[in-house]
Amino acid sequence: MAPFVMNDLSRRYTNVEYAPVDISEYADGNIGIPYVWSYDSKQPGPHVMICGIMHGNEIAGAEILVRMLKNTVRPENGRITFCFGNPDAYARFDCAAPYLNRFIDADINRVWGPELEDPYNQGSEVRRARALRPIVDTVDYLLDIHTMQGRGRPVALIQGKTAALDLIANITSIPIVLTGTMHQAERLRLRDYAQFGDPDDKAVAIQLEAGQHWEASAIAQGELIAMDFLECVGVLPRQSKPRAQKQLHLEVVEIVLPKGGIFEYAKDFENGTFFPHRGALLGFSGPERVEVLTPIDNCYFIMPVHFRLDGGSCGRFARSIPGKVSA
Ligand SMILES: [Zn+2]
């Protein structure tokens, strides 16, 4: 049985449009770390990593990595490393209950702080993060491909430092960029780890939410953005620039935290839904069904959550950052 509070709307989000790709042939890796493949051009340039399936049930990331490996995407400058983040959780993916198996012992995207140094912590994800650490420590640009529960346009979550903002403005295939404090900010995510979290370091980590977890469109969207990313950081020659689109830069203004994990949306909202007016109804929180309203005019709703544990958020309200909307 699902450990989530499910309702009619969340059940509509459980359809899996594509089978998880077999990644067993990539188990050995080529640099001594399982499921990590690294290619060095022997030319000057940055070390770039593309990561997928940090969360075991976000299966689009595996498909994108396999496509890039099979298409022999290799650097002309610098080095590219392809990383299947959490293959053990991925191996447990179940199309009949796709919301499960995000991780085995702990969310691997929340263990990049003191957990790595704690000898008593031998959880599956902490051990995997320790194995990845030597290679992650040498990365200049990271694209960590995730997917999200809601439908809608892809969104990139980044640190608000200058190097990250400068880079992401060039990756025009990314329609929405979000900065600001997220839920459970006290637990370190990969995108905030070491060089990526240092405001004075030029290293940049982008956590991409490429689309809805189990809709096939997330694969194409993620692959397009991954190729654009590799060109923008200079390891691949610039091809025809993807159709330039308006990139929306947002910052979090409020995290929506329903009581007891109980929340009912007033409507089926997509990622990036825009509300022109303050006081618009998002949904009803907790057993008392308290109305949750947009806190500001010109408000965006980011990453609706449909499978929610007690204590989990059900999305974020955000506002656009003036002057950061690029053509
Ligand atoms: Zn994820």
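Biologist: Which atoms are the protein donors of the zinc ion?

Modeller: His-55 (ND1), Glu-58 (OE), Glu-58 (OE) and His-146 (ND1), lying 2.0 to 2.3 Å from the zinc ion. Donors are N, O and S atoms within 2.8 Å of the metal (3.2 Å for Na, K and Ca); water is not among the atoms, so sites may look incomplete. Remember that this is a predicted model: local features need pLDDT of at least 70, side-chain atom pairs count only at pLDDT 80 or more, and totals for chains, interfaces and linings use all residues. Residues are numbered from 1 along each chain as its sequence is written, and side-chain values use heavy atoms, without hydrogens and water.

Biologist: What makes the arrangement around the zinc ion irregular?

Modeller: The angles. The four donor atoms subtend 58 to 150°. Four donors count as tetrahedral if all angles lie between 85 and 135 degrees; four count as square planar and six as octahedral if opposite donors are over 155 degrees apart and all others between 65 and 115; anything else is irregular. So the zinc arrangement is irregular.

Biologist: Why does His-55 count as buried?

Modeller: Buried means under 20% relative accessible area, exposed over 50%, partly exposed in between (1.4 Å probe, protein chains only). His-55 has 2%, so His-55 counts as buried. Glu-58, at 3%, is buried too.
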